[in-house]
Amino acid sequence: MSDREGIEEELGGPAASEMVGSMCRRIVASRSILITSHHHPDGDAFGSSLALGLALRQLEKPVRVASDHPPPQRYRSFDPDGLVEYWEEKPPHDAFREVDLGILLDASEPSRAGCLAELIGRPGMDWICLDHHPGQRSPVFTHHWIAPRAAATGSMVLRLIDALGVKPDRSIAISLFVAIATDTGWFRFSNTSPLCLRDAARLIAAGAAPEELYGRIYEDHSPERMALLGRVFSGLKLELDGRYAWSVIDRAILESSGVPREELDGFVEAFRGIRGAQVVALVVEVEPNEFKVSLRARGGAAVDAIAASFGGGGHAKAAGFRRTGDLGDLLRRLRSKVEETLSGK
Ligand code: AMP
Ligand code: MN
Ligand code: MN
C-alpha cells in the first residue's frame with residue numbers, strides 16, 4: 001500500500017488512513033518510543049512489536065521494545081540482536097524515563113500489558129494503540145486504531161510502516177510474516193482473508209520463507225513438550241455429546257513435565273481436530289489456584305462471549321480468560337456457559 005492508495009476498507013478505510021497519518025506525525029515528533037504488547041506474547045504480539053521496532057530503528061528513532069514475559073523460545077531466534085526486553089516484574093519507576101510515546105499492539109486493555117500496564121496513561125507520555133480484537137475505543141490512547149477484520153495486528157503494523165515510508169527489509173518481513181501466519185494458524189483459520197494473503201505475498205517477496213519459518217516455529221519442539229502433549233490428550237474429556245472437549249494441566253503435571261509455561265502455546269489448537277468438537281478448552285494452572293483458560297470454536301460456535309462472561313476476551317473463534325479460585329467450580333461454570341452457547345441461548 002502507498003499513502004496514495006490509502007488503507008483498505010476492511011481495515012477501516014479513509015478514517016483509518018487519516019488516523020494512521022496522524023499517528024505517523026506523532027511518531028516522527030516523538031523523542032523516544034516504547035513499543036509493547038500483551039503479556040505472554042504470542043507470534044502476532046511478538047512479531048508485530050519486533051517489526052515496528054526494527055522499522056523505527058531504520059528511521060533512527062530512539063526506540064525500545066518491551067514485553068511482560070518472554071515469548072516461547074521458538075520466537076526468540078527472530079530477534080538475534082535482542083531488541084526486545086523482557087520484564088517479569090514491574091520495572092522500576094524510572095526504567096522508561098526518557099520515553100514520551102508508547103505504542104500498544106495486539107491488545108486494547110492496559111491491564112493486558114501485564115507488569116508494564118502502569119506505564120499506559122502515565123503523565124508525560126502519549127499512547128497509540130493498534131489492535132484487531134473487537135472492542136471500544138479508549139480515551140487512554142491519543143490514537144486507537146481497532147480493525148476487527150484484520151487477521152492479525154501484523155497487517156496493521158505493515159500499513160503503519162508503509163505510511164512511515166519504511167520499506168520492509170528481510171527481518172521486518174519475517175517478523176510480520178510470523179505475526180500474520182501464527183494468528184491465522186498458517187493461513188487456515190476463518191480469519192484468513194484475501195487481504196492477509198496479499199500481505200503474505202508481499203512479505204515472501206521481501207524475504208520471508210514460509211517453509212523455513214514453519215519449521216522453526218512448529219517443528220522444533222522438545223521431547224518433554226511432546227510427552228506433555230501426549231498426557232494432555234490422554235486426559236481429554238468429552239462432554240455435551242462430544243461437542244465440548246477439554247483438558248486440564250495442573251501445577252503437579254506442569255512442574256513434573258519440566259516444560260516452561262510459554263511452550264504450551266499451540267496445545268489447544270491440537271484439540272480442534274477432534275471430530276464433532278465445537279468448543280475446545282485448555283485449562284492451565286499457571287500459579288497455584290490461578291488458571292488460564294484458552295478457548296477455541298469450530299463450525300458455527302463462538303467463544304468470545306464465554307470468555308467475556310469470565311472477564312476475558314478475544315475473537316469469536318479464539319478467546320481466553322484468567323480465573324483464580326477452585327478448579328472444580330471453574331470447570332462447572334465453564335461447562336454451563338459452553339452448554340448455553342451450544343444451545344444458542
Ligand atoms: P490464547 O488462548 O491465549 O491463545 O488467546 C486466544 C485469544 O484470546 C487471543 O486473541 C487473546 O488475545 C485473547 N485472550 C486470551 N486471554 C485473554 C484475557 N485474559 N483477556 C482478554 N483477551 C484474552
Ligand atoms: Mn495476541
Ligand atoms: Mn493478534
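I started with the manganese ion (ligand 2). Its protein donors are His 38 (NE2), Asp 42 (OD), Asp 42 (OD) and Asp 106 (OD), at 2.0 to 2.7 Å. I note that this is a predicted model.

Next I read the donor spacing along the chain. For ligand 2 the pattern is H-x3-D-x63-D. I then placed two of these donors. His 38 sits in the loop between strand E1 (33-37) and helix H2 (43-58), and Asp 106 in the loop between E4 and E5, so the pair ties together parts 68 residues apart in sequence.

Is His 38 buried or exposed? I looked up its relative accessible area and found 5%, so His 38 is buried.

I moved to the manganese ion (ligand 3). Asp 44 (OD), Asp 106 (OD), His 132 (NE2) and Asp 183 (OD) are its protein donors, lying 2.1 to 2.3 Å away. Here the sequence spacing reads D-x61-D-x25-H-x50-D. Asp 106 and Asp 183 link distant parts of the chain, 77 residues apart. Asp 106 is in the loop between strand E4 (101-105) and strand E5 (126-131), while Asp 183 belongs to helix H5 (residues 170-183).

**Strand E8**

I then turned to strand E8 (residues 244-249). How many of its residues are buried? I got six of six, so I logged the strand as mostly covered. In a regular strand the side chains alternate between the two faces of the sheet. I looked at which way each one points here. Tyr 244, Trp 246 and Val 248 go one way; Ala 245, Ser 247 and Ile 249 go the other. All are buried.

**Partners of E8**

I looked up the pairing next. Strand E7 (residues 237-239) pairs with E8 in the antiparallel sense, over three bridges. Lys 237 stands opposite Trp 246 of E8. The hairpin of E7 and E8 has four residues between the strands, and there I noted Leu 240 with a positive phi near 50°.

With strand E9 (residues 279-287), E8 pairs in the parallel sense over six bridges.

How values were computed: Residues numbered from 1 in each chain as written. Chains lettered and ligands numbered in written order. Predicted model: local features only at pLDDT ≥ 70, side-chain atom pairs only at ≥ 80, totals over all residues. Heavy atoms only, no water. Donors = N, O, S within 2.8 Å, 3.2 Å for Na, K, Ca; no water. Helix = DSSP H or I, 4+ residues; strand = E, 2+ residues; numbered from the N terminus. Buried < 20%, exposed > 50% of the residue type's maximum accessible area, 1.4 Å probe, protein only. Pairing = 2+ DSSP bridges.
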